[in-house]
Amino acid sequence: MAGFAQSIGLKRGENLYQIKRGNNGISRQLAERIVEYFPKISKSWLLTGEGNHVRTGDELPTDININVTVTFKVETNK
C-alpha cells in the first residue's frame with residue numbers, strides 16, 4: 001500500500017489503509033489524484049463503486065503529455 005501511495009504522490013499510505021478497511025470513503029481529491037497518475041481508471045467507479053473500473057475509449061483523454069529526460073554519456077578516447 002505504501003508503494004501505491006508513493007506512486008500517486010502521497011507521503012504516507014495511512015489514508016489508503018483506512019479506505020481499504022472501510023473506515024473512510026475515498027475523497028474526490030484522492031480519486032482525481034489516482035486518475036491523474038492512472039488515466040485508464042474510472043473516477044466515477046472510484047467514487048461510487050458502480051460501473052466499469054476501466055474507462056471506455058470515449059472517456060479517455062485525447063491529449064496526453066509525456067515528459068522525458070534523456071542523458072547521454074560521451075566518452076572520448078585519448
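Confidence comes first: across the protein chain of this predicted model, the mean pLDDT is 78, and 74% of the residues reach at least 70. Among the elements, α3 has the highest confidence, with a mean of 89, while α1 has the lowest, at 81. A word of care as you browse: where pLDDT is low, the predicted coordinates should not be read in detail. The chain has 4 helices and 0 strands, and here is a friendly tour of what they hold.

**Overall build**

- Reading from the N terminus, the order of elements is α-α-α-α.
- Of the 78 residues in the protein chain, 15% are buried.
- The chain exposes about 6,700 Å², and 49% of that area comes from carbon and sulfur atoms.
- If you take the contacts between residues at least 6 apart in sequence, 16% of them link residues at least 24 apart.

**Ala31, a residue of α3**

- Ala31 sits in helix α3, the element with the highest mean confidence.
- Its relative accessible area is 0%, so Ala31 falls under the 20% cut-off and counts as buried.
- Beyond the neighbours within four places in sequence, Ala31 is in contact with Ile26, Lys43, Leu46 and Leu47.
- Ser44 is 13 residues away from Ala31 in sequence, and their C-alpha atoms are 8.6 Å apart in space.

**Ser42, in the loop between α3 and α4**

- Look for Ser42 in the loop that runs between α3 (28–37) and α4 (43–48).
- A polar atom of the Ser42 side chain lies 3.4 Å from the backbone nitrogen of Ser44.
- Setting aside residues up to four places away in sequence, Ser42 touches Val35, Asn52, His53 and Arg55.

- Together with Tyr37 and Phe38, Phe4 makes a nonpolar surface patch of about 260 Å².

Notes. Residues are numbered from 1 along each chain as its sequence is written. This is a predicted model: local features need pLDDT of at least 70, side-chain atom pairs count only at pLDDT 80 or more; totals for chains, interfaces and linings use all residues. Side-chain values use heavy atoms; hydrogens and water are left out. Helices (H or I, at least four residues) and strands (E, at least two) are DSSP runs, numbered from the N terminus. A polar contact is a pair of N or O atoms within 3.5 Å; within protein, one must be able to donate a hydrogen and the other to accept it, and residues adjacent in sequence count only if both atoms are side-chain atoms. Contact means heavy atoms within 4.5 Å. Patches are made of residues with over 30% relative accessible area and no salt bridge: like charges are joined within 9 Å, nonpolar side chains (Val, Leu, Ile, Met, Phe, Trp, Tyr) within 5 Å. Accessible areas come from the Shrake-Rupley method with a 1.4 Å probe; for residues, only the protein chains shown count as cover. A salt bridge is a side-chain nitrogen of Lys or Arg within 4 Å of a carboxyl oxygen of Asp or Glu. pLDDT is the predictor's confidence in each residue, from 0 to 100. Buried means under 20% relative accessible area, exposed over 50%, partly exposed in between (1.4 Å probe, protein chains only).
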